[in-house]
Amino acid sequence: MDNRSVRLNKKSNLLKLDEYMYPLVDTDKPNVFRNLFPYEEVPKIAFNDRIVPHEMPEDIWITDTTFRDGQQSRTPYSTDQIVHIYDAFHRLGGPKGIIRQCEFFLYSKKDKDAVYKCMEKGYKFPEITSWIRASKKDFELVKEIGLKETGILVSCSDYHIFYKMKMTRKQAMEHYLGVVRECLETGISPRCHLEDITRSDIYGFVIPFCLELMKLKDEYGIPVKIRACDTMGYGVNFPGAVIPRSVPGIIYGLKEHAGVPSELLEWHGHNDFYKAVNNSTTAWLYGASAVNSALFGIGERTGNTPLEAMVFEYAQLRGTLDGMDTTVITELAEYYEKEIGYHIPERTPFVGKNFNVTRAGIHADGLLKNEEIYNIFDTDKLLNRPVLVAVSNTSGLAGIAHWINTYYRLKGDKAVDKKSPLVAEVKKWVDQEYETGRVTAITDGELEKVIKESSKKLNVNLIP
Ligand SMILES: CC(C)C(=O)C(=O)O
């Protein structure tokens, strides 16, 4: 006789044997997956060829950690800067709140001031949420400020449990459940940050732990969120890769075996292996409603999933921007460069100075005939960034005129053409440069200088 109990799978409406109820596997020694992470060698990606089905939730959204993970890795923002960026996120995310939440530290007076000032805006989105030390006093503080949810660190790999916390899995789980219960007792919804999930024992620790968390959710009738943190960027999205590195495998396990509903499931990625964006999109595709990100990817070490990238991933997967105003991304990039003094690397997609600049003569020639040939989309319309053709020995008068018009945003009767004396003067300088043996590209700064000098010489005032 088979004594295992049965439970209803809400999705398929079929009764399933509780063989999928995973007990905690307490161990004496940490499982550090030496086969995948030999430390003195490059980590390995192994396959078992188990294929996980796609299951993108009906609603997906982006959450932001610019003021938490982002700030951890750079000079803190001033209160005014935080309020400015929060305001921009509100406009960028649009009325449907695709940028759903922003998380804030609550440690210092400055942190709290920023929260109060952002709350004063009265915006529905992004919701303001917090990150605190997991203590009763701090839960009370969250409540006092008037927030509904807080992040709590529940590191889940044996690297953290054994080496950092010096605990066993059982002790760690009991400790975390006690903290989560305390949080729920205060009436605050906990967001459990499962740090280092891509090096953790998914079926021996993560799933049994999340099953307990879901029980607490039901007991208190308060949402308990699971944030799967790929702390070291080890996650991969290749079909058939093994857990704990497989993003589809982790999301599948959390949903199907721990019973975490999509709307309580969030992915938090890091970019150590250049995979942050793809892994986050993969988390959406396999059933997490939320992906956590930071503006321009600014976060610990190589950074987090860039928020602006997920805006464009959203639009590509959904076929609509759903009310997001993408031109705010360009405003934010200018604000970072001019007001915050943060230099965005030139080749950064969507925001770098050169992201839509064509340099090669042959490409520039195509672009001048029809910009769609070498531009990813209408970057002028969507990002307020007209496509730019860099000036070189092959530019010709038309290329130089195009550069001047786009760089200085001259339109209509203000625009110059190839008959303009200013254009001829600049071309004279460019030709001289290459005739005297120059082999490098001409920079924007050099052109600005020549244009300024030529305008003065010709006594024209075309440039704003
Ligand atoms: C500290 C934790 C929550 C984190 O940000 C991460 O795992 O990346």
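Predicted model: local features only at pLDDT ≥ 70, side-chain atom pairs only at ≥ 80, totals over all residues.

Residues are numbered from 1 along each chain as its sequence is written, and side-chain values use heavy atoms, with hydrogens and water left out.

**Entry 1, the chain.** I read that the C-alpha trace of the protein chain spans about 95 × 50 × 45 Å along its principal axes. Of its 464 residues, 53% are buried (buried means under 20% relative accessible area, exposed over 50%, partly exposed in between, with a 1.4 Å probe and protein chains only).

Which residues surround the ligand? I listed Arg 68, Asp 69, Trp 131, Leu 153, His 193, Glu 195, Cys 229, Thr 231, His 268 and His 270, a residue being near a molecule if one of its heavy atoms lies within 4 Å of it. By class, I count three nonpolar, four polar and three charged residues in this shell (Ala, Val, Leu, Ile, Met, Phe, Trp, Tyr, Cys and Pro are nonpolar, Asp, Glu, Lys and Arg charged, and the others, Gly among them, polar).

I then looked for polar contacts, that is, pairs of N or O atoms within 3.5 Å. A polar side-chain atom of His 268 lies 2.9 Å from an oxygen atom of the ligand, one of Arg 68 lies 3.0 Å from a ligand oxygen, and one of Asp 69 lies 3.2 Å from a ligand oxygen. The protein covers 92% of the 260 Å² of accessible area that the ligand has on its own, an area that comes from the Shrake-Rupley method with a 1.4 Å probe.

A pocket here is an open set of points on a 1 Å grid over the protein atoms alone, where a 1.4 Å probe fits, with protein on both sides within 12 Å along at least five of seven lines; lining residues have an atom within 4 Å of a point. The second largest pocket has a volume of about 620 Å³, the space filled by probe spheres set on the points, which are joined across faces, edges and corners. I found 19 lining residues, of which Glu 334, Lys 353, Arg 385, Tyr 407 and Arg 409 lie nearest the centre. The elements that give two or more residues to this lining are α11 (327-340) and α14 (396-407), and α11 provides the largest share, five residues. By class, the lining has seven nonpolar, five polar and seven charged residues.

Most residues other than glycine have a negative phi, and most peptide bonds are trans, so I checked for exceptions. The bond from Phe 125 to Pro 126 is cis, with omega near -10 degrees, and Pro 126 lies in the loop between α3 (109-120) and β5 (127-131). Ile 243 and Pro 244 are also joined by a cis peptide bond, with omega about 5 degrees, and Pro 244 is in the loop between β8 (225-229) and α8 (247-257).

Is Asp 322 buried or exposed? At 17% relative accessibility Asp 322 counts as buried, and this non-glycine residue has a positive phi of about 50 degrees.

Note on methods
Polar contact = N/O pair within 3.5 Å; in protein donor to acceptor, adjacent residues only side chain to side chain. Helix = DSSP H or I, 4+ residues; strand = E, 2+ residues; numbered from the N terminus.
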